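User: I am new to this structure. Please walk me through its charged pairs and one of its ligands.

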Amino acid sequence: MSTDKVTNVPVHVSMIMDGNGRWAKERGKERVFGHFEGVESVRACVEAAVENGVKYLSLYAFSEENWNRPQAEVETLMGLMVKAMADEMDKLDSNGVRFMVIGNRARLGDSLNRTIDECMERTASNTTLTLVIFLSYSGKWDIFQAASKMAEEIALHPERKDEILSAGVDGFDRYLSTAGIPDPDLIVRTSGESRMSNYLLWQGAYSELLFVDTLWPDFRKEHFRAALETFAKRDRRYGKVK
Ligand code: IPE
Ligand code: IPE
Ligand code: MG
């Protein structure tokens, strides 16, 4: 692995962590073994993000659609979230990582919500890296809840309607669940699938997309670094002529 510094590092890298089930199946094991091993990949990516100066790392951990999986798998995944947060928080905090969870929290259980709140409060003032876990998240849900918030604000303050609407699409950002977080520069999806699966539909409008064949439980620092190198070679034009 090259040790040269990667140039043109994205501010915000986002990962669609996919392929855990297939990784386990290849080894003749239950799907959940892939989820357990996937925690190791998360650890590696957090370390690689810090080492390479990425400021925001976000991870799609569980979609709104994933609630439709067998109950046993959902329960194991939720238990794994609580355990991983409890196990990792000391290290994350001492390494200056600010921890956040974004998604439809109303669907999460009380004990998971309590753990999330504790971890978010504890690490709120850390500045080295912001780690965002998208949990019970979907892009359509996010846009819908943002539109609902905006409609409610206008209903409460009809005199501000013109001001709110004239802020346009940039003004809409503040109603999204990701308010204050820069849009992802790079979205990487593992496991060879080439789709967004209802992820950051608004925020990903101009993200660079990278689809890699590696299954998530195999994804390690060298893969993260290779993704940064690929990103560095991309030419972002934003509709302009260069
Ligand atoms: C990603 O791996 C983890 C979650 C979506 C929770 P999968 O569980 O989707 O693994 P595959 O795609 O079935 O291999
Ligand atoms: C997308 O993976 C969601 C997460 C990685 C959390 P899925 O495995 O659920 O997506 P589909 O079903 O293949 O589109
Ligand atoms: Mg999958």
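Predicted model: local features only at pLDDT ≥ 70, side-chain atom pairs only at ≥ 80, totals over all residues.

User: Which residues are joined with Arg195 into one network by salt bridges that share partners?
Analyst: Start with one pair. The side chains of Arg195 and Glu193 form a salt bridge, with N to O at 3.5 Å. Shared partners extend the network, whose members besides Arg195 are Asp18, Arg22, Arg189 and Glu193.

User: How far is a polar side-chain atom of Arg195 from an oxygen atom of ligand 2?
Analyst: Arg195 is one of the residues around ligand 2. Arg69 and Arg189 are also among them. Arg69 has a polar side-chain atom 3.3 Å from a ligand 2 oxygen. For Arg189, a side-chain N or O atom is 3.3 Å from an oxygen of ligand 2. For Arg195 the distance is 2.8 Å.

User: What share of the area that ligand 2 exposes alone does the protein bury?
Analyst: Ligand 2 sits in the largest pocket. Taken alone, ligand 2 exposes 390 Å². The share buried by the protein is 77%.

User: Which strand gives the most to the shell around ligand 2?
Analyst: The residues around ligand 2 include Tyr60, Ala61, Phe62 and Ser63. The strand in question spans residues 56-63 and gives four residues to the shell. That strand is β2.

User: How many residues apart in sequence are the parts that Arg220 and Glu37 tie together?
Analyst: The structure holds 27 salt bridges. In one of them, the side chains of Arg220 and Glu37 meet at 2.8 Å, N to O. Arg220 lies in the loop between β6 and α8, and Glu37 in helix α2, so the pair ties together parts whose separation in sequence is 183 residues.

User: Is Glu37 buried, partly exposed or exposed?
Analyst: Glu37 has a value of 27%. The cut-off for buried is under 20%. Glu37 is therefore partly exposed.

User: Which helices does the pair of Lys221 and Glu51 tie together?
Analyst: Lys221 and Glu51 form a salt bridge, their closest N and O atoms 2.7 Å apart. The parts tied together are 170 residues apart in sequence. Lys221 lies in one helix and Glu51 in another, so the pair links α8 and α2.

Definitions and conventions: Residues numbered from 1 in each chain as written. Chains lettered and ligands numbered in written order. Heavy atoms only, no water. Salt bridge = Lys/Arg side-chain N within 4 Å of Asp/Glu carboxyl O. Helix = DSSP H or I, 4+ residues; strand = E, 2+ residues; numbered from the N terminus. Buried < 20%, exposed > 50% of the residue type's maximum accessible area, 1.4 Å probe, protein only. Near = heavy atom within 4 Å. Polar contact = N/O pair within 3.5 Å; in protein donor to acceptor, adjacent residues only side chain to side chain. Areas by Shrake-Rupley, 256 points an atom, 1.4 Å probe, with all protein chains shown as cover. 1 Å grid on protein atoms, 1.4 Å probe; cavity = no way out; pocket = protein on both sides within 12 Å on 5 of 7 lines; lining within 4 Å. Sits in = over half its atoms within 2 Å of the grid points.
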